[in-house]
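This report covers a two-chain assembly, beginning with the interface and moving on to selected secondary structure.

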Amino acid sequence: IKLISDAGYQGEITSVSTACHQIEVFSRVLRTSITTFLEGGMDVMEKNLPEFTKMVCHGEHTYLYSQVMMTILAQEQKGGSNIRRICQELQKCANERGLDVTPITLALSGAAAYPRACQALSSMLSKKALNPADITVLYKMYSDNQYPPPPVDLIRVPAFLDLLIESLFKMNTRLNPEHKSKYIYLLSYAASVTEVYKKGVRKQIEKKELKPTTQALEKVQTLCAQNKNASELLVDVSTLFQCIKFPVIAIGVLAWVDEILSDKSYFKLNTDHTPLHLVLVDEIVTNHLLLHQKALDLLIRLFENSFDELDVLVRLELKKTVLDRMVHVFSCGCVLPVVNYIRECHNKQDTDISLIRHFVSEVLDVIAPPYTQEFVNLFLPLIENDGITGTLRSEDGNDYVSEFICHCKANFVTT
Amino acid sequence: MAAGDTALWLHNKLGSTDDLWSGKTICSQLSQDKLQNIHSCFHTLQPHVKAKLMLSFLHIPRRNVDLWKSQLEEILMAAIHDTDQWVSMVGEILRTYPATGALNLELEDNNGTFAEVLSDLKKLVKRSVDLKMLPMECQFLNKTALVATTGQQPQPTKHFALKRKPKSATLRAELLQKSSEVAMNKKRN
């Protein structure tokens, strides 16, 4: 095996335990994987992640070694944040496999210099649950005016932020009102505070946005927790729109909307053509590029929901409404993931063709050239499919479908 | 417990090669004396038992790590000089852990392959600036904080021009209209 590895054929070493046996071989296989991720980006990483996790999580020692290697790489000023993402994806996958990686995560995070904060975080992260005592410890350290607070990075741990969002915005978690403001403070602190470092020493802590973020978060959290229905919430729409501009609030509202929409009776009782909660999703998408995928995931879950309790026609109308949201996401710049998803639906043949037609016709209604080759490659096959667009064409060729095909034929290499 | 018994105990606890994450199972049974015994029989242990034993250190409550610091460090020193490369690497990574709670990241001098792979990857990382695989916490950050951590975000590729706004725009306007009507009515009443 070492000979194969020495000769440079890392790709040929597929058995995990073989690759992990010798540190030299393992290191090179690790190099090959990371290289592939850095060259291919998110899509490639997502595809290869299960296999990569399997190898790295072979043993606690291989996991430790890989995370140490990547932590050093993540310190690079240029490009280091890409590696940080790989570290996090790996942590998440290891967690999902039930492996307790919190001690390694924290020992690598610089938390060691703040043993009390570290202990509080580690107990919550290991149990995957927050508790008032540990939250209070962190709150005191971050709100203390006498002693400098720990670095903000310490609480910018995705798993911790997720837990805070869940506690504040999910119905099933009963938050003790006495402690609520501490949860809100910590989440706002993590979202808004910036620090200036010079040669590794913290020179300045900028908290200008802390107060407005905290206030907005308090307002929206209270609204969401009141369990109002859509018509009761109508009066608060502009407040919600305002506050959603803070990314952290948008994430909270998405989690809240997700839970409300997954209640079976929601669409049965709702009479509006487009429910308020879905318009909130639109607004989040308009404001936050980085939340497009999260919003799209929510819409996909909703679209794939069977809605057995609804009448067939009502169900189709509802799915069209969800597709309209996808068109919105699409129009805001999340183009390829949306079209890819619709193509998948069509290929799997489990989606009513009238729905695919609806999507296509809504899209043709809003887009105009210039198009990119990538987009044409993905979208044109749907347009050329007679089953989908046959009824949208007119004989004189004076329709959006024919125009799109004509334009593509004239300007692109189509296969 | 004699050194031989300790070795046998460790073998029974950590000897399996099926589960290489079981180090932490022995934490509750460790003590200062036991660690001293482990140090005496360390050289007789199988490599994977040695590695698992050291990884258990990460799961020991901090209070005990402080108390047992010198015993833990003795074992790590023995590991660093081990002939098995995994054992010495794990020892090297954990070298600073008992004293500081942080892991040792100065590893390049100790292992040729590590240094080689690290330097190859460093070059690649520097070239990956435009890739923008953002750390997960970035979605939570206010704009100022985001720019401070990762720099300006590139605009997404424009795959087409928009000739009109999608239906969602009308809906939004209608909702705001309804909302202000409700607000007005509330005021009047």
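In this predicted model, chain A and chain B bury about 8,200 Å² between them, and carbon and sulfur atoms give 69% of that area. Ile23(A), Glu60(A) and Leu290(A) supply 9% of the area that chain A buries against chain B, more than any other three residues. Counted by contacts, 107 residues of chain A meet 72 residues of chain B. Eight salt bridges are found across the interface of the two chains. A salt bridge also joins the side chains of Arg84(A) and Glu137(B), with an N to O distance of 2.6 Å.

As for confidence, the model has an ipTM of 0.91 and a pTM of 0.88. The average pLDDT of chain B is 92, and 98% of its residues score at least 70.

| Helix of chain A | Residues | Number of residues | End-to-end C-alpha distance | Expected span |
|---|---|---|---|---|
| Helix 11 | 210-225 | 16 residues | 22 Å | 22 Å |

The buried residues of helix 21 are Phe375(A), Val376(A), Leu378(A), Phe379(A), Leu380(A), Leu382(A) and Ile383(A). Their packing partners in chain A include helix 18 (312-331), helix 19 (335-348), helix 20 (353-366) and helix 23 (400-411). Strand 3 (367-368) and helix 22 (386-389) are also among the elements they pack against.

Helix 11 of chain A likewise has a reach close to the one expected at 1.5 Å a residue. Its buried residues are Leu210(A), Thr213(A), Thr214(A), Ala216(A), Leu217(A), Val220(A), Gln221(A), Leu223(A) and Cys224(A). An α-helix has 3.6 residues a turn, so residues three or four places apart point the same way. The buried residues of helix 11 pack against helix 9 (158-169), helix 10 (177-192), helix 12 (230-233), helix 13 (237-243) and helix 14 (247-261) of chain A. After helix 11 comes Asn227(A), which has a positive phi near 60°.

A positive phi also occurs in a hairpin of chain A, where Lys199(A) has a value near 50°. The hairpin is made of strand 1 and strand 2, with two residues between the strands. Strand 1 (residues 194-198) and strand 2 (residues 201-206) pair in the antiparallel sense over five bridges. Glu195(A) has Ile205(A) of strand 2 as its bridge partner.

Notes:
Residues are numbered from 1 along each chain as its sequence is written. Chains are lettered from A and ligands numbered from 1 in the order in which they are written. This is a predicted model: local features need pLDDT of at least 70, side-chain atom pairs count only at pLDDT 80 or more; totals for chains, interfaces and linings use all residues. Side-chain values use heavy atoms; hydrogens and water are left out. Buried means under 20% relative accessible area, exposed over 50%, partly exposed in between (1.4 Å probe, protein chains only). Helices (H or I, at least four residues) and strands (E, at least two) are DSSP runs, numbered from the N terminus. Contact means heavy atoms within 4.5 Å. The expected span of a helix is 1.5 Å times one less than its number of residues. pLDDT is the predictor's confidence in each residue, from 0 to 100. Two strands pair if DSSP finds at least two bridges between them. Buried area is the accessible area (1.4 Å probe) that two parts lose on being put together, summed over both. A salt bridge is a side-chain nitrogen of Lys or Arg within 4 Å of a carboxyl oxygen of Asp or Glu.
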